[in-house]
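Subject: Structure handover

Hi,

Here is the structure I promised to pass on to you. Please have it open while you read, as my notes follow below.

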Amino acid sequence: MILVTIDNIPGKQFEVLGMAKGTIVQSKNFGRDFMAGLKTLVGGEIKGYTEMLNEARQIATKRMVDEAQALGADAIIGIRYGSSAVMQGAAEIVAYGTAVKLK
């Protein structure tokens with residue numbers, strides 16, 4: 001599966017199959033959330049949240065790819081990511097793009 005953020009694949013023609021998306025709402029465990037709260041007092045990167053968001057992006061991307069494969073896609077173009085806070089310590093990550101079949 002070819003994954004690109006641009007809206008085409010140079011030198012390739014394709015048929016658009018539709019939108020592919022993957023989403024997840026992920027939260028941290030209480031211990032990590034407590035430590036993150038302490039980190040806000042001194043500043044700096046909150047590694048627990050960084051790890052949580054990286055893991056969530058990977059899962060959302062996998063779900064997007066699975067949806068594209070179910071459509072018969074060879075590639076996903078125009079990939080974008082979005083995120084939002086759902087509640088304290090939990091975030092939604094969505095990955096989406098256009099599923100295409102290469103000619």
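Let me start with Val-86, which counts as partly exposed because its relative accessibility is 47%; the scale runs from buried (under 20% relative accessible area) through partly exposed to exposed (over 50%), with a 1.4 Å probe and protein chains only. Val-86 lies in strand 3, residues 75-87. Together with Val-25 and Met-87, Val-86 makes a nonpolar surface patch of about 300 Å². For patches, residues must have over 30% relative accessible area and no salt bridge; nonpolar side chains (Val, Leu, Ile, Met, Phe, Trp, Tyr) are joined within 5 Å, and like charges within 9 Å. The areas come from the Shrake-Rupley method with a 1.4 Å probe, and for residues only the protein chains shown count as cover.

Before the rest, a word on the basis of all this. This is a predicted model, in which local features need pLDDT of at least 70 and side-chain atom pairs count only at pLDDT 80 or more, while totals for chains, interfaces and linings use all residues. Residues are numbered from 1 along each chain as its sequence is written, and side-chain values use heavy atoms, with hydrogens and water left out.

**Overall layout**

The protein has 2 helices and 4 strands, arranged along the sequence as β-β-α-α-β-β. These elements are DSSP runs numbered from the N terminus: H or I of at least four residues for helices, E of at least two for strands. Of its 103 residues, 28% count as buried. The protein exposes about 6,500 Å², and 56% of that is supplied by carbon and sulfur atoms. Among contacts between residues at least 6 apart in sequence, 75% join residues at least 24 apart, where contact means heavy atoms within 4.5 Å.

**The core**

Which residues touch the most other members of the largest nonpolar core? They are Met-64, Ala-68 and Ile-76, in a core of 13 residues. Strand 2, helix 2, strand 3 and strand 4 (90-102) each give two or more residues to this core, and helix 2 provides the largest share, 5 residues. A nonpolar core here is a set of buried Ala, Val, Leu, Ile, Met, Phe, Trp, Tyr and Cys residues joined through side-chain atoms within 4.5 Å. In soluble globular proteins, nonpolar side chains tend to be buried together.

Leaving out neighbours within four places in sequence, Ala-68 is in contact with Met-1, Ala-20, Ala-73, Ile-76 and Ala-99.

**Two buried polar residues**

Gln-26 sits in strand 2, residues 14-27, and counts as buried because its relative accessibility is 12%. The side chain of Gln-26 makes a polar contact of 3.3 Å with that of Glu-55. The rule for a polar contact is a pair of N or O atoms within 3.5 Å; within protein, one must be able to donate a hydrogen and the other to accept it, and residues adjacent in sequence count only if both atoms are side-chain atoms. Beyond four places in sequence, the residues in contact with Gln-26 are Met-52, Glu-55, Ala-56, Ile-59, Gly-89, Ala-90 and Ala-91.

Thr-61 belongs to helix 2, residues 47-70, and is buried at 15% relative accessibility. Not counting residues up to four places away in sequence, Thr-61 touches Leu-3, Tyr-81 and Ala-95.

**Salt bridges**

How many salt bridges are there? The count comes to 3, taking a side-chain nitrogen of Lys or Arg within 4 Å of a carboxyl oxygen of Asp or Glu.

- Glu-67 and Lys-21 meet at 3.4 Å, N to O. This pair links distant parts of the chain, with Glu-67 in helix 2 and Lys-21 in strand 2, 46 residues apart. Glu-67 is partly exposed at 28%, and Lys-21 is partly exposed at 40%.
- Asp-66 and Lys-62 meet at 3.0 Å, N to O. They are 4 residues apart in helix 2, so about one helical turn separates them. Asp-66 is partly exposed at 34%, whereas Lys-62 is exposed at 51%.
- Lys-101 and Asp-74 meet at 3.5 Å, N to O. This pair also links distant parts of the chain: Lys-101 is in strand 4 and Asp-74 in the loop between helix 2 and strand 3, 27 residues apart. Lys-101 is partly exposed at 35%, and Asp-74 is partly exposed at 27%.

Best wishes
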